[in-house]
Amino acid sequence: MFSSNYNRIDPKRRATLDHRTKQFADPSFAKTAYPNRLNFYALPPTADITLEQFEQWAIDRLRILAELEACSFRNKNVKDTSEHMEPLLKKYLPLDTNSSNSSQLQAQRQKDHYSHFILRLAFASTEDLRRRFTRVETMLFRLRLNDDAEHNRKELKEFIKTLNLDWEEVGPEERSKYSDELRAMADSRKKQEQTEDDNSFFKVDWERVPELVETRRVFLKGGKAYVPAREQTSMVVAEFTGRLERALELTARALPKLDEDDRLTPILDHLSKNFITPDASYSSSTTAVGGADISARNVDKLSASFPLCMQNLHRSLRRDAHLKHYGRLQYTLFLKGIGLNLEECLIFWRTSFSKLTDDQFNKDYRYNVRHAYGDVGGDSNRRGGGYSPFSCQKILTEHPPGPGEAHGCPYRHFNQENLTALLQAVGISDRSVLEGVKQDKEAQKFHLACNRVFEHVHKSEIKRAKDENIMTAAQLDTIVHPNEYFKRSYLLKNLGKDSSVKSEDVKMEG
């Protein structure tokens, strides 16, 4: 009886209580305006986008965040990070200023807005993901803020005004009362260029500016931090971080209640897995090495340029004259990706399985190699040219190796002792590199461990490429695909030798 009475609705009011009608009739669900370049992401986006945009925008932002995280773990300073990220930001996540008069401002800012919220949804599920997402999003915001502070101060001030931050400006009476302490802060910065704001201070709770407190750039009194106006950008960054942390906690609590579209759930799951290492699309036109002798007889020589995962498969194959299913598949697709054609690949596997007769090989293994190349199988497999080589993300997250299997990623799937032994077996003996790899593995930064080894092995070649202006630091972005590892390694090792490799071949896209 109570339930029936409680749910009874006046028929005259029923039409006004349809929340769906009300929601989509609300003008706030119209196209969002973006008057400023920077964004605190306080309001979620509401306009319609396609499923393709949903996924691609998130992937593009993830590339940027993953590369920023890589810069952090490589201990790049602010200047080097900015220079490294500039071409990548222009390619994947451009964000022009109002003064640029670009016709793409709305589109750029919409992509930035949506991609942030898509990843916020994908990375709110666990504390570790929330913490990492907050850290790298703060790095991206600080990078943009510093750029505006250097080149676009007028628009930066306009943006800060819109935030309505409850900072209390220190009046003349307090400035006089604490003049010695405030002057001491000014004196500590006297070598820096003076600005019109040098005599202005803001007062906030000290917990809101931990970075400034840690570096002793503020005066503390009664639980308040007296912050010079010139440190305003640090205050804005701290505010951004605090708000994002709280927003992610709210998102995490709301996730179980969300009635997600079945089309979005696998995309969000895929994005969260990609935070282990960003996924990379494969294209034979971008990973093949023109002019190289990619043949069955030359694979042993080429293996010197293989990443550790493929070197381990090659060594296991040569030792045992056999690989189990997933090892064969991972290695076959990699060899296909470096340019080994189907005929040569069949020759390679037949000669490698030296303990088998021709009949055994043809019966048990030949079809699988042809299927990987798209030579047999369903119509879609043949039309698509077979399967694509596995990216680092796929190797890290799918089909972990079991006993007797050699596939997977050694940086993730080997214990530390076996990993060190394998690295030493392939010629990595530098203690600092081995210790760095150990730290990367413990921090689950497996792709950074791989890049650390690459940079050590190719140290002299990379220096030459930079010195001769063949390759810039920004073009040496983090490798996230085994086939890209091989291409970059082969080109660097063969630059200047009597081969078809020329300097323009090494000028890879950053």
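Biologist: Which residue in β2 is the bridge partner of Glu-169?
Modeller: Phe-202 is the bridge partner of Glu-169. Before we go on: this is a predicted model, where local features need pLDDT of at least 70, side-chain atom pairs count only at pLDDT 80 or more, and totals for chains, interfaces and linings use all residues. Residues are numbered from 1 along each chain as its sequence is written, and side-chain values use heavy atoms, leaving out hydrogens and water.

Biologist: Okay, and how many bridges join β1 and β2?
Modeller: Two, and β1 pairs with β2 (residues 201-205) in the antiparallel sense. Strands count as paired if DSSP finds at least two bridges between them. Strands here are DSSP runs of E with at least two residues, helices are runs of H or I with at least four, and both are numbered from the N terminus.

Biologist: What order do the strands come in across the sheet?
Modeller: The order is β1-β2-β4-β3, an open sheet of four strands with antiparallel pairing. At the edges sit β1 (168-169) and β3 (219-221), each pairing on one side only.

Biologist: Switching to helices: at what angle do α5 and α7 cross?
Modeller: Roughly 95°, and the axes of α5 (residues 78-92) and α7 (residues 127-151) come within 11 Å. Axes are lines fitted to C-alpha atoms, for helices over the stretch in contact, and angles run from 0 to 180 degrees between N-to-C directions. The two helices are therefore roughly perpendicular to each other (that label covers 65 to 115 degrees).

Biologist: Which residues meet there?
Modeller: From α5, Val-78, Ser-82, Met-85 and Leu-89 meet Leu-140, Leu-143 and Asn-146 of α7. Contact means heavy atoms within 4.5 Å.

Biologist: And what does Thr-233 touch?
Modeller: Leu-145, Ala-149 and Leu-156, if you skip residues up to four places away in sequence. Thr-233 itself is in helix α12 (residues 232-254). Thr-233 and Ile-160 are 73 residues apart in sequence, with 9.2 Å between their C-alpha atoms.

Biologist: Which residues have the "binding site" annotation?
Modeller: Cys-309, Cys-392, Cys-409 and Cys-450, according to an unreviewed UniProt entry. Such annotations may be inferred rather than shown by experiment.

Biologist: Where is Cys-392 found?
Modeller: Cys-392 is in helix α22 (residues 392-397).

Biologist: How do α16 and α24 pack?
Modeller: At about 80°, with the axes of α16 (residues 308-320) and α24 (residues 416-425) 11 Å apart. That makes α16 roughly perpendicular to α24.

Technical notes. Angles under 35 degrees count as roughly parallel, over 145 as roughly antiparallel, 65 to 115 as roughly perpendicular and the rest as oblique.
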